[in-house]
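Keep the picture open as you read.

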Amino acid sequence: MRLNQRTLGAAVFTMALLVSAAGCGHKKPPVAPPPPPAPAPESAPTTPAAKPSAPRINTFTAEPRSIERGQSATLRWSVANATDISIDQNLGAVQANGNRQVFPSNTTSYTLTARSAGGSDTRSVTVEVSSPPAPPPPAPPPPTVSGSDMLNREAQDAYFDYDKSEVRDDGRTALTHDADLLKRIFAADPNFSVVIEGHCDERGSAEYNLGLGDRRATSAKEFLVQLGVPAARISTISYGKDRPVCTDANEECYQRNRRAHLAAAK
Amino acid sequence: MKTRLIFTCTAIAASAFVLSGQQPRSEISGHIVNGEKPKIAVIDFRGSGDAQKFMDPFNKTLWDELQGSGALNMIAKSLYPLTVPQVPGDFKAPTTIAPLRRGEAPRAQNNGPWLTDWSGPPVTANYLAFGYTGAQGGQLVLYGWLYNLAQPDPATAQLIGKLYYGSLDADGAKKVAREFAADILQQFGAKSLDGTKIYFVSDRTGAKEIWSMDYDGSNQRAITQYHSVSSMPAVSADGKLVAFTTYALGNPKIMIYSTETMKRVPFYNPVSSAVETPEFTPDGQRLMFATSLEGWVQICIADVNGGNMRRISHVRAIEVSPKVNPKNPSQVVFISGRGGSEQLWRMNIDGGDLAQLTDGDGYVANPAWSPNGQFVAFAWTKGYEPGNYNIFIMDVSKPHEPNQLTKGSGRNENPWFAPDGVHMVFSRKTGTKTQLFTMTADGQNVQQLTTQGNNIQPVWAKGLN
């Protein structure tokens, strides 16, 4: 847009140059101004008409007659035989024929007054102003997906072996994906930080599992940091076996619970 | 094998009596040291007048208290003589009558109840508890006696002869029964559990909260209402403070409550991904706990308000559950993964003099000291799949001789000794539910305490008096 304006400006400037250059090329003597009009005769009426004619307002309209606040209406008028024509509402003196755009904020009557030595004439027109409907709600925040939404949707858990906290090959794949995701989220939201939750299956003791969950969260964090995710924006927490995703007593469920999970830090 | 195990366990329980600080009378300790529990007969007490209405709860309470102590061998009532004494005056010495024929031995003629009715077969009791109750001035009065049946006559047999007063209702009847039972148990060096409290974790409201109850499972009430995860309670030796881990504030933290006011007292926590397993030192001045340091959960100690925190373990292994010997505050047992799988270890409270106590098999958890500082109970998967814990007990001076107290009845964890040194409370998961049970330290007399929700991590504390 700005580029377009600049282009337009350049074009106008170029044309102005061309015009002035053309003027320079074909010089002619300046044309003399027209003579002033002859002064009006001092003496009064040359014709002894009995009386000057009274002014007459032919038309005075508003178009449209009703508007919403903030919109405009156009007043049009045509007056004959008047020497002094004015419209109130601070519009002041006007010509015998003309129009004027008005922006009344409330319903307003405009009165056109035409005067001459022979008398006066007035006519009024009213522009109805209605309130516009309630303003639309403020625009929603820009449609960028929030960091926590992206995390919830795209982050992958890293899974672990029983009583182990070493990141497995499948965990490396998941965390490599997560590192890219975090870098994108961090770039979009400088205030975003992530917490890595460490979880365990139900078989170990509650006490040791808090330690094991802490190890798993720490291992996942260390892996992400190696991939360039800033350590300062990653915290860890261990939930041990207190927040399982399933409670069945079989290896499939145990495996789903032995995990490091990424969540938005509060 | 089974016989030997039971004998050993009984000896352990017996040693616990002997070493519990209250020395029993020498004649009684003789029974115990020999590995035999004293045999006691307890009559069904009757009440005069209005008191009779409350004799069912009285007799049940008296019997349960004595049997539940694990200190006595209860002689079944079906073996008792038809005529039972109610007061000492009921005993009538048998008289000797001349033989009908010359050459025959003189015969004894019974004139009423006598000591030998109870000490001889089929009862063969060593002790007899008897008496009666009456309604007197709107109160329930118990007249209770305990006789040593090894004595020749009632005058010398009497160990207890005492009046007990309670309200004239079922509660009053239970109260006097418990007091009488406590006096009887004291004769055998066993301590009464009356007034002791069990703190534990229950999820019956939908979230893990800290709860308390009386030692028999009554009076269950919530201490916390954080609707988060609050767990791992610990109680100070004087019973006045309870510490636990909670996620109520987001990050895990240790909180400490006064058990007198049920209000929080300050504790300054490290900001950490794990803060857990609080443990008061016996003097109540410091708190041990485990928290994540440099990527590993390690054992620390701090003042009881959290100040002056100091790290004790420095190892790239998970170390949790420090438990201080109540009789030797410089000795700590704890759970460490430094040898591979988590095992029971011992150290000095400064971290020195390390020793592994379990043999490396399976997984070990939840160590708890006996009040006399000689035994440690713990949960172990030895011989079972991961997760299938059983309760074991070990004399810390003989770590190669652990005894298994539970055998494959679900998942048994969180053992904790009662203040009497004879009982334990523990959690048992059968099916999908985990409940709390008590048993005697020989694995016998298992009784269920809880039924609602899941209940874990019991801690048995002395009462506030």
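Of the 266 residues of chain A, 28% count as buried, a word used for a residue with 20 or more other C-beta atoms within 10 Å of its own, while exposed stands for 12 or fewer and partly exposed for anything in between, with C-beta atoms placed from the backbone. This is a predicted model, in which local features need pLDDT of at least 70 and side-chain atom pairs count only at pLDDT 80 or more, whereas totals for chains, interfaces and linings use all residues. Residues are numbered from 1 along each chain as its sequence is written, and chains are lettered from A, with ligands numbered from 1, in the order in which they are written.

Chain A has five helices and 12 strands; these are DSSP runs numbered from the N terminus, with helices being H or I of at least four residues and strands E of at least two.

Which residues of α3(A) are buried? They are Gly171(A), Ala174(A), Leu175(A), Asp178(A), Leu181(A), Leu182(A) and Ile185(A). Seen down the helix axis, these buried residues of α3(A) fall within an arc of 125°, so they line one face; the arc is that of the directions from the axis to the C-beta atoms. An α-helix has 3.6 residues a turn, so residues three or four places apart point the same way. On the face of α3(A) turned away from the buried side sit the exposed residues Asp169(A) and Ala187(A).

The table lists elements of chain A among those that cover the buried residues of α3(A).

| Element | Residues |
|---|---|
| α2(A) | 147–154 |
| β9(A) | 158–159 |
| β10(A) | 194–199 |
| α4(A) | 206–226 |
| β12(A) | 259–264 |

Now to chain B. Its mean pLDDT, the predictor's confidence in each residue from 0 to 100, is 89, and 92% of its residues reach 70 or more. Over residues 1–34 of chain B, however, pLDDT stays under 50.

Where do the chains meet? In all, 26 residues of chain B are in contact with 21 residues of chain A, contact being C-beta atoms, placed from the backbone, within 7 Å. Elements giving two or more residues to chain B's side include β12 (230–235) and β17 (286–293) of chain B. For the complex, the predictor gives an ipTM of 0.75 and a pTM of 0.67.

Note on methods. Contact = placed C-beta atoms within 7 Å.
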